[in-house]
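Let's walk through this model together, from its domains down to its helix contacts and its ligand shell.

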Amino acid sequence: MIVTLKQHTSLEVCASAIRTCWQSFDKSDNGGEKDRELIDRVGNKFKHASTLEHLFYTFYIQDVSRALLQELARHRIASLSVKSTRYTLKELKNEESFTCKDIQRASKYLVMTGINMVDEMSIIALENLRLVLGTGISNDKAKYCLPESYKTELTWSVNARSLQNFLTLRSDKSALWEIQNLAHALYDALPIDHKYLFNIKTYED
Ligand SMILES: Cc1cc2nc3c(=O)[nH]c(=O)nc-3n(C[C@H](O)[C@H](O)[C@H](O)COP(=O)(O)OP(=O)(O)OC[C@H]3O[C@@H](n4cnc5c(N)ncnc54)[C@H](O)[C@@H]3O)c2cc1C
């Protein structure tokens, strides 16, 4: 999995939005320690959490499964643009056939679990899909035999309030292992000076 932070709002913008309420703009230190403390106090401690919605992050997320995608898409307070199987399944058409031992070559298309039997069955599903595409059946019909492990990528934009909710729910050990990994990768990709606004559970918690 690869997570790249494409853009984010500066802390100064969020602090300024908060200062709108009291018209205390003269107290700004341009995203410095005073602004950081203000955002945490108002947004987190006072639970005036809508102020955190001024902080926006756009991530590019690669090499995740469609199983993960359907869980990520349940987080409604976010925006997604996802690689379309309708337009991209042709990438598989020119591949040589896969045997279930071709773990490395199939990893270009599939998220592997490390469980041999699961991964081998997943590769058989990939080969079946390749055969279907080879007959000329349209991508829109062929996609119905995609395995859940098939890789996808997307642009994901989310505000800090919703990201807090996501990281809390999805870094928990009760969440799907792959989405736990995503939660950690998203946290790691955050700007260092924003991390204090977020809590993430460690794998040991
Ligand atoms: C461990 C785990 C297991 C899960 N298992 C299942 C499962 O078996 N089946 C299943 O279907 N889903 C399952 N889910 C998904 C879960 O039910 C949520 O859909 C998902 O976690 C998104 O959470 P959310 O609604 O808080 O996020 P968002 O949709 O991003 O919403 C963020 C917040 O906005 C508010 N909000 C959003 N929409 C509304 C609304 N319509 N009304 C009121 N408030 C709203 C809520 O405060 C919400 O917490 C699971 C999630 C986890 C973490």
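Predicted model: local features only at pLDDT ≥ 70, side-chain atom pairs only at ≥ 80, totals over all residues.

Residues are numbered from 1 along each chain as its sequence is written.

Begin with the domains, whose bounds come from an automatic or database domain assignment. Domain 1 covers 2-62 + 153-197, and domain 2 covers 84-150. Their C-alpha centres are 36 Å apart.

Next, look at helix H1 (residues 11-22) and helix H2 (residues 33-45), whose axes come within 9 Å and cross at roughly 60°. Helices here are DSSP runs (H or I, at least four residues), numbered from the N terminus. Axes are lines fitted to C-alpha atoms over the stretch in contact, with angles from 0 to 180 degrees between N-to-C directions. The angle makes H1 oblique to H2, oblique being what remains after under 35 degrees (roughly parallel), over 145 (roughly antiparallel) and 65 to 115 (roughly perpendicular). On the H1 side, Leu-11, Glu-12, Cys-14, Ala-15 and Ile-18 make the contact, and on the H2 side Asp-35, Arg-36, Leu-38, Ile-39 and Val-42; contact means C-beta atoms, placed from the backbone, within 7 Å.

Now turn to helix H8 (residues 160-170) and helix H9 (residues 177-189), which pack at about 135° with axes 9 Å apart. That angle makes H8 oblique to H9. Phe-166, Leu-167 and Arg-170 of H8 meet Ile-179, Gln-180, Leu-182, Ala-183 and Tyr-187 of H9.

Which residues surround the ligand? They are Arg-74, His-75, Arg-76, Ile-77, Ser-162, Asn-165, Leu-169, Arg-170, Ser-174 and Ala-175, where near means a C-beta atom, placed from the backbone, within 6 Å.

Conventions: Helix = DSSP H or I, 4+ residues; strand = E, 2+ residues; numbered from the N terminus. Contact = placed C-beta atoms within 7 Å.
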